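Please go through the local geometry of the model shown here, with attention to backbone angles, strand pairing and helix packing.

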Amino acid sequence: METKIAIQGIKGSFHHQVSKEYFNEDFPLDECMSFELLVKSLCENKAQKGVMALENSIAGSIIPNYALIDNNNLHIIGEHYLDIHMNLMALKGQKIEDIKEVHSHPIALLQCAVFLNQHPHIKVVESADTAETAQRIQRENLLGIAAIASPIAATLYDLEILAGGIHTVKSNKTRFVIVKTQNKEIPKDEINKASVKFELDDTPGSLATILNVMNNCKLNLTKIQSMPIIETPFQYSFFVDVVFEKYKHYEKAKKILQLMTTHFKVLGEYKKGQQ
């Protein structure tokens with residue numbers, strides 16, 4: 001059975017670009033218009049692996065995706081950092097002055113806020129996907145409408161880039177994770193990063209104690225994200241990423257954390273991506 005990759009969006013999206021770069025080949029794609037549909041594709045085995053954005057250096061964490069990974073018992077088997085280049089594109093032969101509306105994913109619009117504020121004549125419209133908007137402009141021959149999307153989308157859908165690199169902060173990276181329904185066995189000596197989730201009792205200093213354990217076990221905390229537990233007000237789940245040089249250090253910490261926390265869960269053990 002040939003491996004199929006589920007991505008959020010369509011060909012030309014940043015998720016498609018990550019799939020090409022991470023897997024070094026063009027696997028067949030299941031193009032999903034939401035992260036919920038991406039997860040459904042994996043759970044129903046329509047696709048065997050998925051590419052999911054988790055955080056952006058400008059816009060921050062995509063918090064609902066943490067819950068999707070956790071609630072559907074997905075396993076993170078890898079990660080990939082992508083330099084995001086946002087470009088304003090439209091049908092050929094137009095200038096920025098001709099553009100009345102710009103359509104794109106809300107995260108993309110947020111990342112280009114300063115540029116958009118400099119062009120108040122352009123109405124900002126949120127859409128489901130960056131590349132899908134570019135495709136629709138081409139398919140429906142939409143004059144006066146622009147998309148904000150990747151250079152690959154401009155090439156695929158034969159659009160002209162009216163302004164390149166319009167993201168506010170030029171160092172703009174998104175961290176994507178590769179997920180599947182079953183854990184992939186990576187040799188322990190290759191694993192140097194892990195994502196875990198746990199809950200803590202509402203006692204003073206409990207989180208500080210956990211962080212001390214990680215430090216004492218030679219783990220480097222690279223990310224901590226708290227999420228409220230809906231059923232119990234003012235109680236929180238913590239999603240934590242750690243990197244380490246030796247798997248045995250992580251293994252030791254894991255055993256201690258399992259005793260000191262509640263609902264401890266490993267979301268993934270994998271090889272750290274190149275930033």
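**Backbone and burial**

Helix H3 is followed by Asn 73, whose phi is positive, near 50°. Helices (H or I, at least four residues) and strands (E, at least two) are DSSP runs, numbered from the N terminus. The model is predicted: local features need pLDDT of at least 70, side-chain atom pairs count only at pLDDT 80 or more, and totals for chains, interfaces and linings use all residues. Residues are numbered from 1 along each chain as its sequence is written, and side-chain values use heavy atoms, with hydrogens and water left out.

- H3 spans residues 63-71, and its buried residues are Asn 65, Tyr 66, Ala 67, Leu 68, Ile 69 and Asp 70. Buried means under 20% relative accessible area, exposed over 50%, and partly exposed in between (1.4 Å probe, protein chains only).
- Most residues other than glycine have a negative phi.
- Asp 158 has a positive phi, near 55°, and lies in the loop between helix H7 (151-156) and E10. Its relative accessibility is 44%, so Asp 158 counts as partly exposed.
- His 263 also has a positive phi, near 55°, but this residue lies in strand E15 (residues 262-270). With a relative accessibility of 58%, His 263 counts as exposed.

**Strand E1 and its partners**

- Strand E1 (residues 5-8) is covered on both faces: Ile 5 and Ile 7 are buried on one side, Ala 6 and Gln 8 on the other.
- E1 pairs with strand E3 (residues 49-56) in the parallel sense over three bridges. Two strands pair if DSSP finds at least two bridges between them. Ala 6 has Gly 50 as its bridge partner in E3.
- E1 also pairs with strand E2 (residues 29-32), in the parallel sense over four bridges. Here Ile 5 has Leu 29 of E2 as its bridge partner.

**The five-stranded sheet**

- An open sheet is formed by five strands in the order E8-E7-E9-E6-E10, with mixed pairing.
- Strand E8 (123-126) and strand E10 (160-163) are the edge strands, each pairing on one side only.
- Neighbouring strands of this sheet are turned against each other by 35° on average, direction ignored. Axes are lines fitted to C-alpha atoms, for helices over the stretch in contact, and angles run from 0 to 180 degrees between N-to-C directions.
- Strand E6 (residues 87-90) and E10 run antiparallel and are joined by three bridges. Leu 88 has Ala 163 of E10 as its bridge partner.
- Helix H6 (residues 130-140) packs on the sheet and touches E6, strand E7 (101-104) and strand E9 (145-149); contact means heavy atoms within 4.5 Å. The direction of H6 makes about 150° with that of E9.

**Packing of H8 and H9**

- Two packed helices are described by the angle between their axes and the distance between the axes.
- For helix H8 (residues 206-216) and helix H9 (residues 247-260), the angle is about 165° and the axes are 10 Å apart.
- H8 and H9 are therefore roughly antiparallel to each other. Angles under 35 degrees count as roughly parallel, over 145 as roughly antiparallel, 65 to 115 as roughly perpendicular and the rest as oblique.
- Thr 209, Ile 210, Val 213 and Met 214 in H8 meet Ile 256, Leu 257 and Met 260 in H9. The residues of this contact divide into six nonpolar, one polar and no charged. Ala, Val, Leu, Ile, Met, Phe, Trp, Tyr, Cys and Pro count as nonpolar, Asp, Glu, Lys and Arg as charged, and the others, Gly among them, as polar.
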